[in-house]
Structures are given as structure tokens and as C-alpha cells.
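Have the viewer open as you read.

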Amino acid sequence: MAFCGAFCTNLRSGKEADSPYSWLVCFCAFLIIALTLGTALNFGILFPVLMDYFHETCERTGKLFCSLPAWVGSVGLAFIFSLGPLTGSLVDRFGCRITAFVGGISCVSGLLLSSLATSITILYVTYSVLFGFGSSCMFVSCYVVTSLYFNKRQSIATGIIASGSGIGVLAVAPILQVLLNDFHWRKTYRIIAGIFSLVCFLCLTFDPTEVKTGREKREGEEENRESENLQEQNDAKKKRWFVDCSVFKNKQFVVLTISAIFCNLGHSIPRLHLVRFSEGLNVSADAASRLFIYIGVTTFIGRLLSGLLCNMQRVNPVYVYMGSLILDGCDIIFLTQAKTYGHLVAFSFLFGLADGVLGGTFYIQILMSVGPSLKASAMGLSSLCYGTTMATGPALAGFMTDRLHSYIPSLIFSAVTIFASAALLLLLVCDRKSTQPETLHCIDTEEHFNRAERETGL
């Protein structure tokens with residue numbers, strides 16, 4: 001008992017970066033990301049059940065809601081990323097603990113209200129909006145708090161948190177299927193809401209004192225610079241507003257963002273419609289839900305692999321990203337020819353690997369394309385842009401499937417948009433200067449010298 005008390009005391013008193021308490025925060029953030037994205041990305045398991053239940057309601061409320069049911073899950077997933085600028089501002093204003101706690105309450109409320117929904121239209125509000133907003137609050141808070149608690153081990157800690165999405169898909173998929181088999185979907189939502197209440201306790205480890213200390217140091221440095229140079233006042237104001245639209249002057253950022261818009265338009269389609277597509281091949285719901293486990297495993301491997309590849313100086317992240325997009329598109333074309341469960345398993349392994357590599361490599365490139373003062377704006381604005389197509393893709397695929405009575409045209413459309421995303425990267429490949437690894441790593445240094453010139457008046 002004395003040893004445990006001393007250990008807890010050391011955790012609470014560890015105010016330095018990379019302390020034992022920092023790893024506790026990292027572990028809690030990992031669990032939050034795993035639960036949040038695991039639930040959002042596994043909506044495809046709930047999708048067929050909800051559609052079967054609300055079929056009669058859809059017929060009464062109109063054709064639109066029958067042909068576009070995928071808006072429920074896809075909009076909720078899109079909100080996690082597209083609300084990045086808004087939730088980032090909340091983190092900057094109120095801190096990570098309060099923002100994450102409010103996000104947890106929003107998710108619990110959204111899931112509980114979803115269990116009472118009488119139509120799919122209501123789910124658009126309770127699940128897509130409430131759950132999506134809450135998940136965005138927790139998603140941004142977890143990544144921001146990690147940067148405050150770590151210095152030397154920040155890349156490792158960020159990698160651990162990023163892998164939470166793969167582990168979440170792996171763990172949550174069988175849980176959802178078991179709950180749906182043993183209980184009604186309404187009770188499943190209530191049980192998941194009860195599990196989500198744990199998030200409100202996990203985020204309490206985001207010590208506001210530690211976060212405030214780091215922020216006060218940075219604000220003190222900014223105030224010193226503001227008193228010396230008027231230009232630094234403008235930079236500080238941009239930071240307080242969280243977003244700086246000057247990132248759109250960066251060619252690499254613009255090309256990567258447009259590429260991500262096309263990628264997410266098609267990449268999100270197979271994941272949400274996979275269970276429904278599998279049922280068309282006479283695959284049981286239990287077997288179809290296991291496909292998400294395979295996707296989760298290879299997504300986790302892909303995230304780690306992308307970090308290792310992009311960390312090599314001779315490896316160009318643009319080529320890694322392009323290769324993952326080509327693999328993703330080819331795998332979806334392969335899915336159109338699937339006839340057996342073995343084909344679906346093979347697709348799931350390759351899809352998860354491509355998802356992990358392209359997801360991890362994209363964020364690495366976005367952060368490398370701009371200087372340190374623009375990283376937050378680049379992340380928020382890029383997420384805002386591609387988050388909208390993440391919601392549009394599955395809904396458009398559902399509309400096409402209802403009209404054409406086949407998933408094949410939807411999957412071909414998905415593959416075409418992904419190949420278009422890869423083709424856009426040729427703009428960077430042709431510009432050899434922007435794709436040189438050493439050039440990408442020197443961007444931060446170049447901005448540092450430019451800032452020094454402004455301060456000295458040279």
C-alpha cells in the first residue's frame with residue numbers, strides 16, 4: 001500500500017515532460033481514441049440492422065431517406081474531422097480536460113437519444129450531430145494534450161494514439177455484433193453509452209495545471225516578441241483564432257488536400273457498405289462483422305509501417321502515399337469480383353493495410369509541408385475540406401445502389417475517385433524540388449530564418 005501511494009504521488013508530481021504521468025495521459029488518450037473511432041468506424045455493423053428496422057418508416061417519410069440512409073454514419077464520421085477548427089478553438093479557449101469532458105457528455109447524450117429514435121431522420125441529429133461533435137472534441141483534445149506532455153518521446157506517443165483507431169476497430173466490432181445478437185439495437189446503443197461514460201473519467205487525467213503551465217510559457221514568449229515587433233502581434237492573433245488561411249498559398253498543402261478530398265469520397269464507401277454487400281453474397285452478419293477485425297489489425301500495422309517508412313531519409317512520403325492509394329483502388333476493384341467469403345477476407349486485409357499507410361502518411365506530409373506556426377491551421381483546414389466528402393461518398397453510393405440495384409457501380413465509382421486522388425499527386429512528383437525528402441524536412445528551418453529576418457528588420 002505504501003508503495004502504491006508513493007507511486008501515485010510521483011505520478012501527480014511529475015510535471016516534467018516524458019514523466020510517468022505523461023505516459024498515463026497517453027494511455028488514457030489511446031483508450032479514448034480507440035473507443036471513439038472504433039465506434040464511428042464500425043457503424044457499418046449497425047447500418048443493416050437500422051435499415052431493416054426503419055424500412056417501413058422510410059417508405060412513409062419519402063424516397064430520399066430510403067436512398068440516402070448512409071448519411072447517419074458518414075456524417076457522424078465526417079464531423080469528427082471537419083469540426084477540427086471549431087473544437088481546436090474550444091481546446092485553446094477552455095483546455096483539453098474541459099473540452100474532452102464536454103465531448104464525452106455529448107457522445108453519451110447522443111447515443112442515449114439515438115436509442116429512443118423513431119425514425120432515421122432523428123438519428124441524423126442524435127447520432128450524426130451530437131455524437132460527431134463530441135467525438136471531434138475528444139479527438140482533438142487527445143492529440144493536443146499529447147504535445148503538451150511530451151517532448152523527446154512525442155513522436156512515439158503520437159504514434160501510440162494514432163494506432164488507437166486500428167485497435168478500436170479490432171475491439172469494438174465483435175462487441176457490437178454480440179450486443180446486436182443478444183439485445184435489441186436500442187439496448188445496444190444504451191450499453192455503448194454506458195461504456196462511453198468511462199471517457200469522462202479518463203479525460204480527468206488531462207491535468208489543466210500542466211497544460212496551463214506549458215501555455216503560459218508560450219504566451220510569455222509571444223508577449224516578449226509582440227513588444228519588439230508589430231508583425232509578431234499579427235501572428236499571435238492568427239494563432240488565437242486557431243486557423244491561418246495562408247496555408248493555401250503552399251502548393252504542396254493544396255495538392256495534398258485536394259487529393260484527400262477525392263480519396264475520402266471513395267475510400268469511405270466500402271467500409272460502411274461492407275456488411276450489406278457481404279449479405280448479398282449470403283454471408284452471415286457474424287461473419288461479415290469479423291471482416292472489421294481483419295481491417296483493424298492491418299490498419300494498426302499500416303500506421304506503424306507508414307511511420308517507419310517516412311522516417312527513412314531516402315524514402316519519399318509522396319511515393320508512399322501514392323502507392324497506398326493505388327493499392328486501395330486496386331483492392332476495391334478486386335472487391336467487385338468477390339464471390340466467396342475468402343475473397344472478402346483478402347479484401348479486408350489489403351483494405352486495412354492501405355487505410356493505415358495512406359492515413360498515417362497523409363498527416364506526416366501535411367505537417368511537413370508547413371512551418372511550425374502553421375501546423376495547427378494546416379491540420380484543421382485540411383480536415384475541414386476532406387471531412388465533407390467523407391460524408392458524401394457513402395450516401396452517394398447508397399443512392400446509386402438503390403437506383404441501379406447493385407453495389408458494383410458504387411464500388412467502381414469508389415475506385416475511380418481514389419485513382420484520381422493518386423493521379424493528382426503527379427503534380428508534386430513533376431515538381432522534384434517539392435518532393436525531395438531533404439527539402440521537406442528543411443521547411444521548418446527556412447521559416448525560422450525568415451522570422452528572424454523580420455524581427456531584425458533585414
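## Starting at Ser 259

Ser 259 is buried, at a relative accessible area of 0% (buried means under 20% relative accessible area, exposed over 50%, partly exposed in between, using a 1.4 Å probe and protein chains only). Ser 259 sits in helix 15, residues 251–279; helices here are DSSP runs of H or I with at least four residues, strands are E runs of at least two, and both are numbered from the N terminus. Leaving aside neighbours within four places in sequence, Ser 259 is in contact with Tyr 321, Leu 325, Ser 421, Leu 424 and Leu 425, where contact means heavy atoms within 4.5 Å.

Before going on, some ground rules: this is a predicted model, local features need pLDDT of at least 70, side-chain atom pairs count only at pLDDT 80 or more, and totals for chains, interfaces and linings use all residues. Residues are numbered from 1 along each chain as its sequence is written, and side-chain values use heavy atoms, with hydrogens and water left out.

## Met 322

Leu 425 turns up again in the contacts of Met 322, which touches Ala 422, Leu 425, Leu 426 and Val 429, not counting residues up to four places away in sequence. Met 322 lies in helix 17, residues 317–335, and counts as buried at 15% relative accessibility. Met 322 and Phe 362 are 40 residues apart in sequence, with 9.9 Å between their C-alpha atoms.

## The whole chain

How many helices and strands does the protein chain have? The count comes to 24 helices and zero strands. Of the 458 residues in the protein chain, 52% are buried. Take the contacts between residues at least 6 apart in sequence: 84% of them join residues at least 24 apart.

## Two helices to look at

Helix 7 (residues 84–94) and helix 8 (residues 96–114) have axes that come within 7 Å and cross at roughly 130 degrees. Those axes are lines fitted to C-alpha atoms, for helices over the stretch in contact, with angles running from 0 to 180 degrees between N-to-C directions. That makes helix 7 oblique to helix 8 (under 35 degrees is roughly parallel, over 145 roughly antiparallel, 65 to 115 roughly perpendicular, and the rest oblique). On the helix 7 side, Thr 87, Leu 90, Val 91 and Phe 94 meet Cys 96, Ile 98 and Thr 99 of helix 8.

## Aromatic pairs

The structure holds 14 aromatic pairs. Rings of Phe, Tyr and Trp (its six-membered ring) pair if their centres lie within 6.5 Å; planes under 30 degrees apart are stacked, over 60 edge-to-face and the rest tilted. Phe 43 and Tyr 127 make a tilted pair, 5.2 Å centre to centre with 35 degrees between the planes. Phe 43 is in helix 3 (residues 43–53) and Tyr 127 in helix 9 (residues 120–149), so the pair ties together parts 84 residues apart in sequence. Phe 43 is buried at 2%, and Tyr 127 also counts as buried, at 2% relative accessibility.

Phe 248 and Phe 253 pair edge-to-face, at 5.5 Å centre to centre and 70 degrees between the planes. Phe 248 counts as partly exposed at 38% relative accessibility, whereas Phe 253 is buried at 0%. One aromatic cluster is formed by Phe 43, Tyr 127, Phe 131, Trp 185, Tyr 189 and Phe 196.
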